[in-house]
Amino acid sequence: MGQVECRAGEDFTIEQDWAAYSEAEHAVWRHLFERQQRLLVGRACREYREGLAGLGVAASGIPDFRRLNDILERATGWRIVAVPGLVPDAVFFGHLANRRFPSTCFIRRPDQLDYLEEPDIFHDIVGHVPLLMNPVFADYMQAYGVGGLKAQSLGHLERLARLYWYTVEFGLIATAEGLRIYGSGILSSAGESVYCLDDPRPQRLGFDLRRIMRTRYRIDRFQETYFVIASFEQLFEATRPDFTPIYREVAALPDLEPGQVLDSDRQFPPPAALGQKNGPQQSSAQV
Ligand code: HBI
Ligand code: FE
């Protein structure tokens with residue numbers, strides 16, 4: 001049996017043991033948090049900023065899940081449960097379907113500040129949890145969990161995982177001030193927080209459920225394609241219908257590569273050419 005199984009119950013939950021974090025681990029959190037807060041000004045969407053503020057997550061150090069849960073449960077009925085790392089898909093979906101967000105509780109090492117293979121507490125708590133304070137997004141995440149259990153039984157998990165990837169992890173939202181970030185994988189990444197809005201190379205396409213379910217993704221590099229929603233209500237409405245006929249329709253079409261563009265795609269224009277003399281701070285995201 002792997003080490004994880006013997007430490008966690010059948011739902012893979014463990015205790016966070018907040019008192020056990022070292023000063024060095026709190027220092028990694030502070031560095032990551034302060035850097036992200038500077039970078040996300042003018043880039044993170046309003047709903048994320050409101051959720052982060054509402055949770056009281058701060059630079060002071062790694063938060064105690066018990067304190068966050070007092071606030072989160074009152075707001076949307078969600079709760080954070082600690083897990084040792086990635087858990088099996090069925091366990092992951094089972095938690096989401098019951099408004100439990102499975103968050104890792106280890107933090108990356110100082111030499112992993114810019115890239116980490118799998119989620120750590122900074123990605124989960126600073127990336128994912130603030131948006132669970134938003135009622136519409138909280139409903140979407142629970143619907144995703146319910147849908148995941150069904151997708152697994154239908155053998156279409158890969159297509160649903162693409163929806164998660166291109167929305168929950170790497171989604172952008174259109175606002176009156178320009179494109180803004182809501183995807184957790186971007187919100188917890190210093191480099192991609194800038195690249196996703198400022199770099200002219202990636203495609204930025206209008207949200208299209210079937211298009212997303214056909215589009216592959218790479219986990220080891222910045223996205224070549226981002227999908228843009230008009231609102232969280234649009235995202236939640238898209239998950240209302242029964243996906244069974246949609247899976248069948250999409251399975252009959254060829255998969256698409258990241259970066260590929262179809263004539264039917266709604267393309268958002270690349271960011272204005274960056275001012276040569278000023279470099280990235282002249283990005284379109286500047287409000
Ligand atoms: N487990 N802890 C954890 N966190 C995740 O984000 C996660 C997971 N297991 C499976 C998973 N994500 C994805 O493969 C699902 O979207 C299918
Ligand atoms: Fe994640």
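Analyst: The protein chain has 13 helices and six strands; these are DSSP runs numbered from the N terminus, helices being H or I with at least four residues and strands E with at least two. Bear in mind that this is a predicted model, where local features need pLDDT of at least 70 and side-chain atom pairs pLDDT 80 or more, while totals for chains, interfaces and linings use all residues. Residues are numbered from 1 along each chain as written, chains are lettered from A and ligands numbered from 1 in written order, and side-chain values use heavy atoms, without hydrogens or water.

As for the overall shape, the C-alpha trace spans about 55 × 50 × 35 Å along its principal axes. Buried residues make up 54% of the 287 in the chain, where buried means under 20% relative accessible area, exposed over 50% and partly exposed in between (1.4 Å probe, protein chains only). Of the contacts between residues at least 6 apart in sequence, 69% join residues at least 24 apart; a contact is heavy atoms within 4.5 Å.

Now the site itself. His 123 (NE2), His 128 (NE2) and Glu 169 (OE) coordinate the iron ion (ligand 2) at 2.0 to 2.1 Å. Donors here are N, O and S atoms within 2.8 Å of the metal (3.2 Å for Na, K and Ca), and with water not among the atoms, sites may look incomplete. In sequence, the donor residues follow the spacing H-x4-H-x40-E. His 128 sits in helix α6 (residues 121-128) and Glu 169 in helix α8 (residues 157-169), so this pair ties together parts 41 residues apart in sequence. Both His 128 and Glu 169 are buried.

Helix α8 deserves a look of its own: eleven of its 13 residues are buried, so the rest of the structure largely encloses it. Among those buried residues are Arg 159, Arg 162, Tyr 164, Trp 165, Tyr 166 and Glu 169.

Take Cys 196: 24 residues from Leu 172 along the chain, with 8.5 Å between their C-alpha atoms.
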